[in-house]
Each structure stands twice: as structure tokens, then as C-alpha cells.
Amino acid sequence: MKKIAVVTGATRGIGLAISQKLSQDGFFIVGISRADNQEANDSWVNSLSNDCRLFKCDVTSLLAVEEMIAKISELEGSVHLLVNNAGITSDSFFHKMSLESWRSVIDTNLNSLFYITQPIYKIMKENGGGKIINISSVNGQKGQAGQVNYSSSKAGVHGFTMALAQEGARSNILVNTISPGYTNTEMMKNIRVDILQGIKDNIPLGRLAEPKEIANVASFLASDCCSYITGANIPVNGGLFIG
């Protein structure tokens, strides 16, 4: 029987690296992506080591998520792992921030956790256990000017983790957070060279994280080696924030 891992925001950056690593670990990956990019979707499928499925789904739509969960339930196998990785930014200083910028970030980064996690959590309870990994951010810990919406959403992600971990423990469901720092993804490549260098200069390790370094932590949390960690936040930020 397949051991299924559901990964949101699966086709790019950290989500892609996590999908690839978990596929190498033997999981059947169910990827979820909002992007309608056939080339990227095909590349994702071809980059994985194991069988997989990719669903297009807007995680901010409860109806779309319900339809997707029904399709996942039809697959042969059990949902062992959920990785909530989908996230966006819409930056501006708070006094200029639009309601739409606030809502879009909160809907994607935080409300989607409820829509996706609750039905999969119920499946895990019926199956006698499972694991949930929520991807937060260093800015959910320390905050960041110009990111009141993003920092709020990512702080909420770990609050979600800590509370659900206490409930899930009774059913052998482990729930943990990974909080990456600045990571070498397409988003960072759009930053001006001088600003990017300033970011690196403030990181004690002097460089950005690589997506595979985040994926390696997810791999450990998903593995049988991790059987007594729940409600934790694992910071992967090069020493940028320690606390």
C-alpha cells in the first residue's frame, strides 16, 4: 500500500525540494499547485523518483479543497504525511497596506491550513496516526518591516502547530513547524544585488539557505527516526534569529 505525502505549493522552491526529497524517501507524492504552468508541472513530475500525482487547486477556496481531498481519498494508500508549504507575500508598509493585500496573504498562508489540514487530520485519526509539517518563516518569529501581513500569518502557523500537536498526540499524530530563513529561491533572485548582499551580511553563516537544506529537515520529521517530537519549531535560518 502506498505511503502518501501531500505537499502544497509543491512545484517551486522549497516545495519542489521537499517533494523531491520525500519521493527519494519512498513516499507517493501528491503535489498541490495553484499555478497553471504545464511546463513547470511536467518538470515536477519528471524530477521525482517515485510515483506521484499533481493536482491544480486554489488552497484559498474551500470548495476546491474539498473536491481535491475527495480525489486524494480515491487513491490507493493512506495519507501518512501533510506538508503545508503554500505561501505568498504582498509587501508594503502597514500604513499603505490594502485590505486585499492583508486578506490574500492571510487566506493563502493561514486560512488554507484549516481548509486542507482538517479533512486530512480526520483521515489520520481514522488510520491511527500521521505527521503534519507546517512551513512558517523566520519572519514569523522576529517580524519584518513591510510584512505585517506575512509575519502575522507565519506566526499564526506555529500557533496552529502547537495547539494541534496537543490534540493530535492522543491519536499518534505529530505536528511540527519548520521556519526557514532567507532561501535561494526564484523570489530571492528578483532582489537587487546590493540589497541581497546586505541580507547575506546580516546572516551569521553569511549565505542564503538552499531549498534542499529545508527539505532535509522535512525528511527527518517525516521519517521513522522522528517519533517523539511534536509541537516543535525547527529554525533553519543560518543564525539570523536565535530564540
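**Strands, helices and selected residues in a predicted model**

Strands β1 and β4 pair in the parallel sense, over five bridges. Within this pairing, Ala 5 has Leu 81 of β4 as its bridge partner. The model is a predicted one. Strand β4 (residues 78–84) also pairs with strand β5 (residues 130–135). That pairing is again parallel, and four bridges make it up. Here Leu 82 stands opposite Ile 132 of β5. Five of the seven residues of β4 are buried, so this strand is largely enclosed by the rest of the structure.

These pairings belong to an open sheet of seven strands. The strand order is β3-β2-β1-β4-β5-β6-β7, and the pairing is parallel. At the edges lie β3 (52–56) and β7 (233–236), each of which pairs on one side only. From one strand to the next, the twist averages 20°. Helix α6 (residues 148–168) packs on this sheet. Helix α6 touches β5, β6 (173–180) and β7. The direction of α6 makes about 160° with that of β6. Helix α9 (residues 211–222) packs on the sheet as well. The strands touched by α9 are β4, β5, β6 and β7. For α9, the angle with the direction of β6 is about 170°.

Helix α9 was then examined by itself. This helix has twelve residues. From the first C-alpha to the last, α9 reaches 17 Å, close to the 16 Å expected at 1.5 Å a residue. Its buried residues are Pro 211, Ile 214, Ala 215, Val 217, Ala 218, Ser 219, Leu 221 and Ala 222. These buried residues pack against β4, β5, β6 and β7, and also against helix α1 (13–24).

Helix α3 (residues 62–73) has twelve residues too. At 1.5 Å a residue, α3 should span 16 Å. The end C-alpha atoms are 16 Å apart, which agrees. The buried residues of α3 are Val 65, Met 68, Ile 69 and Ile 72. They cover an arc of only 105° around the axis, so they lie on the same side of α3.

Helix α4 (residues 99–127) contains Asn 109. This residue counts as buried because its relative accessibility is 1%, and the cut-off for buried is under 20%. The side chain of Asn 109 reaches the backbone nitrogen of Ile 88 at 2.9 Å. Beyond its neighbours within four places in sequence, Asn 109 is in contact with Ala 86, Gly 87, Ile 88, Tyr 150, Ser 153, Lys 154 and Val 157.

Trp 44 lies in helix α2 (residues 38–47). With a relative accessible area of 0%, Trp 44 is buried. Neighbours within four places in sequence were again set aside. The remaining contacts of Trp 44 include Ala 10, Thr 11, Leu 16, Ser 19 and Ile 29. Gly 31, Cys 52, Arg 53 and Leu 54 are also in contact with Trp 44. Gly 130 lies 86 residues away from Trp 44 along the chain, and 25 Å separate their C-alpha atoms.

Strand β6 holds Thr 177. This residue is buried, with a relative accessible area of 0%. The side chain of Thr 177 makes a polar contact of 2.9 Å with the side chain of His 158. A polar contact of 2.7 Å joins the side chain of Thr 177 to that of Thr 161. His 158 and Thr 161 are among the contacts of Thr 177 that remain once neighbours within four places are left aside. Thr 177 and Asn 84 are 93 residues apart in sequence, yet 9.4 Å apart in space, C-alpha to C-alpha.

Asn 172 is found between α6 and β6. Its phi is near 60°, a positive value in a residue other than glycine. Asn 172 has a relative accessible area of 48% and is therefore partly exposed.

Terms used: Residues are numbered from 1 along each chain as its sequence is written. This is a predicted model: local features need pLDDT of at least 70, side-chain atom pairs count only at pLDDT 80 or more; totals for chains, interfaces and linings use all residues. Side-chain values use heavy atoms; hydrogens and water are left out. Helices (H or I, at least four residues) and strands (E, at least two) are DSSP runs, numbered from the N terminus. Buried means under 20% relative accessible area, exposed over 50%, partly exposed in between (1.4 Å probe, protein chains only). A polar contact is a pair of N or O atoms within 3.5 Å; within protein, one must be able to donate a hydrogen and the other to accept it, and residues adjacent in sequence count only if both atoms are side-chain atoms. Contact means heavy atoms within 4.5 Å. Two strands pair if DSSP finds at least two bridges between them. Axes are lines fitted to C-alpha atoms, for helices over the stretch in contact, and angles run from 0 to 180 degrees between N-to-C directions. The expected span of a helix is 1.5 Å times one less than its number of residues. The arc is that of the directions from the helix axis to the C-beta atoms.
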